[in-house]
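Please keep the sequence and the model in view while reading.

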Amino acid sequence: MMADANKGYVGPIPPGKKIKIVFVIGGPGSGKGTQCSKIVNQFGYTHLSAGDLLREEVKSNTEQGTMIQNFMHEGKLVPSDVSVRLLLKAMLASGNDKFLIDGFPRDEENREAYEKIINIDPEFVLLIDCSREEMERRILHRNQGRDDDNMDTIRRRFQVFEESTLPVIQHYEKMGKLRRVMWNMEYNTMKLYVVSTQ
């Protein structure tokens with residue numbers, strides 16, 4: 001029993017190591033990954049996508065991967081401790097000390113698990129504010145071949161984001177860590193501009 005319980009254990013970040021973390025939050029299709037790539041190229045961060053790490057685990061054909069796949073097909077959130085330990089594993093493997101983590105935390109359970117397992121305050125939280133109509137259009141036209149890019153699942157993902165992520169946004173806003181940016185919709189471009197630093 002003890003061996004099974006520790007099967008997915010990942011050791012902590014070495015004490016004394018200064019780690020800089022930025023969370024990037026936005027609805028499905030809001031452009032989180034694209035903006036993270038630009039920041040990585042300019043500032044040398046390691047980009048970790050909670051969603052990509054989960055999808056990679058699905059491809060591993062493990063029992064945990066199958067469990068994750070079932071959650072994703074149903075448009076539900078994967079258990080928080082699974083997501084956090086995958087993030088921690090990737091952080092330790094990267095060798096870097098600056099991380100952009102996109103698509104996380106998605107709900108209060110994610111945030112609490114992160115604080116319990118990793119417990120490093122983010123430098124700030126970048127919220128990409130994009131209309132539902134634009135996010136839906138972008139998802140349907142990105143042609144990534146993802147299993148969760150069908151209309152029914154997309155709408156469930158929108159609902160989960162709106163219901164679950166708002167308390168996280170409010171939490172970091174109260175801490176003064178929220179940076180809200182919006183699409184330049186007039187030209188339908190990827191250019192973003194800061195509209196709030198509170």
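R111 and E108 lie 3 residues apart in helix α6, and they are therefore separated by about one helical turn. In this model, which is a predicted one, the two side chains form a salt bridge whose closest N and O atoms are 2.8 Å apart.

Side chains of opposite charge can pair when their charged atoms come close. A search of the whole structure finds 6 salt bridges, and one of them lies between the side chains of R180 and E173, with an N to O distance of 3.8 Å. R180 counts as partly exposed at 22% relative accessibility, and E173 likewise counts as partly exposed at 34%. Through salt bridges that share partners, E108, R111 and E115 are joined into one network.

| Salt bridge | N to O distance |
|---|---|
| R111 and E108 | 2.8 Å |
| R180 and E173 | 3.8 Å |

A pair of aromatic rings is described by the distance of the centres and the angle of the planes. The structure holds 4 aromatic pairs, and in one of them the rings of F23 and F104 have centres 5.8 Å apart and planes at 65°, so this pair is edge-to-face, a term used for angles over 60 degrees. F23 belongs to strand β1 (residues 20-26), whereas F104 sits in the loop between β3 (98-102) and α6 (108-117), so the pair ties together parts that are 81 residues apart in sequence.

Are these two residues buried or exposed? F23 is buried, with a relative accessible area of 0%, and F104 also counts as buried, at 1% relative accessibility. Both residues belong to one aromatic cluster, which F23 and F104 form together with Y114 and Y172.

F104 has a further feature in its backbone, for a cis peptide bond joins F104 and P105, with omega at about -5°. P105 is placed in the loop between β3 and α6.

N61, although it is not a glycine, has a positive phi of about 60°, and its place is in the loop between α3 and α4 (63-73). N119, another residue other than glycine, has a positive phi near 55°, and N119 is found in the loop between α6 and β4 (124-129). N61 is exposed, with a relative accessible area of 71%, and N119 is exposed as well, with a relative accessible area of 53%.

Two packed helices are described by the angle between their axes and the distance between the axes. The axes of helix α3 (residues 50-59) and helix α5 (residues 80-94) come within 10 Å and cross at roughly 95°, which means that α3 is roughly perpendicular to α5. On the side of α3 the contact is made by A50, L53, L54 and E57, while α5 contributes V82, S83, L86, L87 and A90. Sorted by class, this contact of α3 with α5 has 7 nonpolar residues, 1 polar residue and 1 charged residue.

The chain can finally be considered as a whole. There are 9 helices and 6 strands in the protein chain, and of its 198 residues, 42% count as buried. Among the contacts in the chain between residues at least 6 apart in sequence, 72% join residues at least 24 apart.

How values were computed. Residues are numbered from 1 along each chain as its sequence is written. This is a predicted model: local features need pLDDT of at least 70, side-chain atom pairs count only at pLDDT 80 or more; totals for chains, interfaces and linings use all residues. Side-chain values use heavy atoms; hydrogens and water are left out. Axes are lines fitted to C-alpha atoms, for helices over the stretch in contact, and angles run from 0 to 180 degrees between N-to-C directions. Helices (H or I, at least four residues) and strands (E, at least two) are DSSP runs, numbered from the N terminus. Angles under 35 degrees count as roughly parallel, over 145 as roughly antiparallel, 65 to 115 as roughly perpendicular and the rest as oblique. Contact means heavy atoms within 4.5 Å. Ala, Val, Leu, Ile, Met, Phe, Trp, Tyr, Cys and Pro count as nonpolar, Asp, Glu, Lys and Arg as charged, and the others, Gly among them, as polar. Rings of Phe, Tyr and Trp (its six-membered ring) pair if their centres lie within 6.5 Å; planes under 30 degrees apart count as stacked, over 60 as edge-to-face and the rest as tilted. Buried means under 20% relative accessible area, exposed over 50%, partly exposed in between (1.4 Å probe, protein chains only). A salt bridge is a side-chain nitrogen of Lys or Arg within 4 Å of a carboxyl oxygen of Asp or Glu.
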